[in-house]
Structures are given as C-alpha cells and as structure tokens.
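Open your viewer and keep the selection tool handy.

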Amino acid sequence: LLFNSIEFNLSKYRYNINKKDVSVVNGVIRVEITARRTNIKSQQLLGFYSVGSALNKTSTSFREVQIIIHYELRGGQEVVMTAPVELTLALSQGKLSPNQFFDKLGI
C-alpha cells in the first residue's frame, strides 16, 4: 500500500520507481529515485512530498524519511537527504512551505 501511493504520486511527475526502490529499515523509509535532470532540490521535495502523502494514509509509525537521488552527471552521482517524519508530514499537509521545510533541515 505504501509503495503504491508513493509510486502514484511520483508517476504524476513522470518519475518511475520499482518496489526495490522503496525500503524500510529500522523505522526509516528509504526511496531511491533515478533522474536525468540536475534540479536535485525539486526532486528531493517531490520525494518527501510523495512519501508524506503516502504516510497520511497509513497508521504505521516511522522515524525518518530518506530520499536518494541517482543522476547521471560525470559518470553518475548520488545525493542523500534525510528528514524527520513529522516535517515530511507537515510538508505534505501544506503546513510547511518548501522553503520552510528546507530551512528546518538547515539547507
């Protein structure tokens, strides 16, 4: 259920993920996105928003959300960003703007 909801949100923006791209380890939801663009901040925002929207529909509790962006630039790069679930939920519910979200993370 969690995967389907995340995948549905990402597919609206032409991002495709597989079941292996979403994992849960020790209370941390990890989503890996492969992208061709280098607008990393907006891709991270989309990832957090998609996970937050999915978490709004479940009663399972998690500690953190981790978004990993893989992109092809000079042989391949990876960017990892982690946020507390509370901030991720606030973002997806419209309680935080994107700027407020990144400010609270110190970015």
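Axes here are lines fitted to C-alpha atoms, for helices over the stretch in contact, and angles run from 0 to 180 degrees between N-to-C directions. Helices (H or I, at least four residues) and strands (E, at least two) are DSSP runs, numbered from the N terminus. This is a predicted model, where local features need pLDDT of at least 70, side-chain atom pairs count only at pLDDT 80 or more, and totals for chains, interfaces and linings use all residues. Residues are numbered from 1 along each chain as its sequence is written, and side-chain values use heavy atoms, with hydrogens and water left out.

Start by selecting residues 85-92, helix H3. Six of its eight residues are buried (under 20% relative accessible area, with a 1.4 Å probe and protein chains only). Color Val85, Leu87, Thr88, Ala90, Leu91 and Ser92 to see them. Their packing partners are helix H2 (40-55), strand S3 (64-71), strand S4 (77-84) and helix H4 (98-105).

How do H2 and H3 pack? Their axes lie 8 Å apart at an angle of about 90°, so the two helices are roughly perpendicular (65 to 115 degrees). Show Leu45, Phe48, Tyr49, Gly52, Ser53 and Leu55 of H2, which meet Val85, Thr88, Leu89, Leu91 and Ser92 of H3 (contact means heavy atoms within 4.5 Å).

Next, zoom in on Ser53 in H2. Ser53 counts as buried because its relative accessibility is 10%. Leaving out residues up to four places away in sequence, Ser53 touches Ser5, Asn9 and Ser92.

Finally, step just past H3 to Gly94, which takes a positive phi of about 80°.

Key. Buried means under 20% relative accessible area, exposed over 50%, partly exposed in between (1.4 Å probe, protein chains only). Angles under 35 degrees count as roughly parallel, over 145 as roughly antiparallel, 65 to 115 as roughly perpendicular and the rest as oblique.
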